[in-house]
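User: I should like to learn how to read the features of a structural model. Could we work through one example together?

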Amino acid sequence: MSSTVKEQIIENILVENYKMYYHLALGYVHNEADALDIVQEGAYKAILKSDTLRSEEHASTWIYRIMLNEIFSFCRSRKTSVMGDIYNTDMDLAAYDNSSCCAEEMDLYNALERLSDEEKKIVQLRYFQGLKLEEVADAMGLKLSTVKSKLYRAIEKLRFTMTA
């Protein structure tokens, strides 16, 4: 497959999935401008490195992995947690009342913060982004069995934390 064909395939996937990549980034950084920057940088890197794509069948996963790497790199550079800061400056804390829904959401975020970065990533990709376990494994560069065991342990930790 020629470099031009690979580049065209990647461009098509980027255009088709732009909103998904944007929402993925936004879910982590909780800032529209930062999410747009992350997707733009990820798209640039994907097109720039298109010649390293090995097969067309794996192009979507390959791009998804690039986007995740951009998100995690951004989070590290900004010294924010992987799940983002739920207390961002734009949030009206007075509007965030003590309803059971909001209290449960706060409990969940607090429980997620107790997980390791890798466990948080797996939970985020599986449950918040809706990826299949195989896709999570591909996106993170792990074996399927490793993802399954880490996800199981993360869920157990969440259950323990949420019921304590």
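Analyst: Let us begin with helix length. The expected span of a helix is 1.5 Å times one less than its number of residues. For the 17 residues of H3 this gives 24 Å, and the end C-alpha atoms of H3 are 24 Å apart, which agrees. Helices (H or I, at least four residues) and strands (E, at least two) are DSSP runs, numbered from the N terminus. This is a predicted model, in which local features need pLDDT of at least 70 and side-chain atom pairs count only at pLDDT 80 or more, while totals for chains, interfaces and linings use all residues. Residues are numbered from 1 along each chain as its sequence is written, and side-chain values use heavy atoms, with hydrogens and water left out.

User: What does the secondary structure of the protein chain come to?

Analyst: The protein chain has eight helices and zero strands. Read from the N terminus, its elements run α-α-α-α-α-α-α-α.

User: How is burial read, and which residues of H3 are buried?

Analyst: Buried means under 20% relative accessible area, exposed means over 50%, and partly exposed lies in between (1.4 Å probe, protein chains only). By that criterion, 36% of the 164 residues of the protein chain count as buried. In H3 the buried residues are Asp 34, Ala 35, Ile 38, Val 39, Gly 42, Ala 43 and Ala 46. Their cover includes helix H1 (3-16), H2 and H4.

User: What does Gly 42 touch?

Analyst: Contact means heavy atoms within 4.5 Å. Gly 42, in helix H3, counts as buried because its relative accessibility is 0%. Leaving aside residues up to four places away in sequence, Gly 42 touches Ile 66, Met 67 and Glu 70. Gly 42 also lies 8.7 Å from Ile 71, C-alpha to C-alpha, although the two are 29 residues apart in sequence. For the protein chain as a whole, residues 24 or more positions apart account for 65% of the contacts with a separation of 6 or more.

User: Is Ser 73 buried or partly exposed?

Analyst: Ser 73, which is in helix H4, has a relative accessible area of 34% and is therefore partly exposed.

User: Where is His 30 found, and what is its phi?

Analyst: His 30 is found in the loop between helix H2 (18-29) and helix H3 (32-48). Its phi is near 55°, a positive value in a residue other than glycine. With a relative accessibility of 29%, His 30 counts as partly exposed. A positive phi, near 70°, is also found at Gly 141, which follows H7.

User: Which residues of H7 are buried, and what do they pack against?

Analyst: In helix H7 (residues 133-140), Val 136, Ala 137, Ala 139 and Met 140 are buried. Seen down the axis of H7, they fall within an arc of 165°, so they line one face of the helix. The arc is that of the directions from the helix axis to the C-beta atoms. These buried residues pack against helix H4 (59-77), helix H6 (117-128) and H8.

User: How do the axes of H6 and H7 cross?

Analyst: Axes are lines fitted to C-alpha atoms, for helices over the stretch in contact, and angles run from 0 to 180 degrees between N-to-C directions. The axes of H6 and H7 come within 9 Å and cross at roughly 135°. Angles under 35 degrees count as roughly parallel, over 145 as roughly antiparallel, 65 to 115 as roughly perpendicular and the rest as oblique. H6 and H7 are therefore oblique to each other. Where they meet, Glu 118, Lys 121, Ile 122, Leu 125 and Arg 126 of H6 face Leu 133, Val 136, Ala 139 and Met 140 of H7.

User: At what angle do H7 and H8 pack?

Analyst: H7 and H8 pack at about 105°, with their axes 9 Å apart. They are therefore roughly perpendicular to each other. Leu 133, Glu 134, Val 136 and Ala 137 of H7 make this contact with Leu 144, Val 147, Lys 148 and Leu 151 of H8.

User: Which residues of H8 are buried, and which are exposed on the face turned away?

Analyst: Val 147, Leu 151, Ala 154 and Leu 158 are the buried residues of H8. Down the axis of H8 they fall within an arc of 65°, so they line one face of the helix. The face turned away from the buried side carries the exposed residues Ser 145, Tyr 152, Arg 159, Phe 160 and Thr 163.
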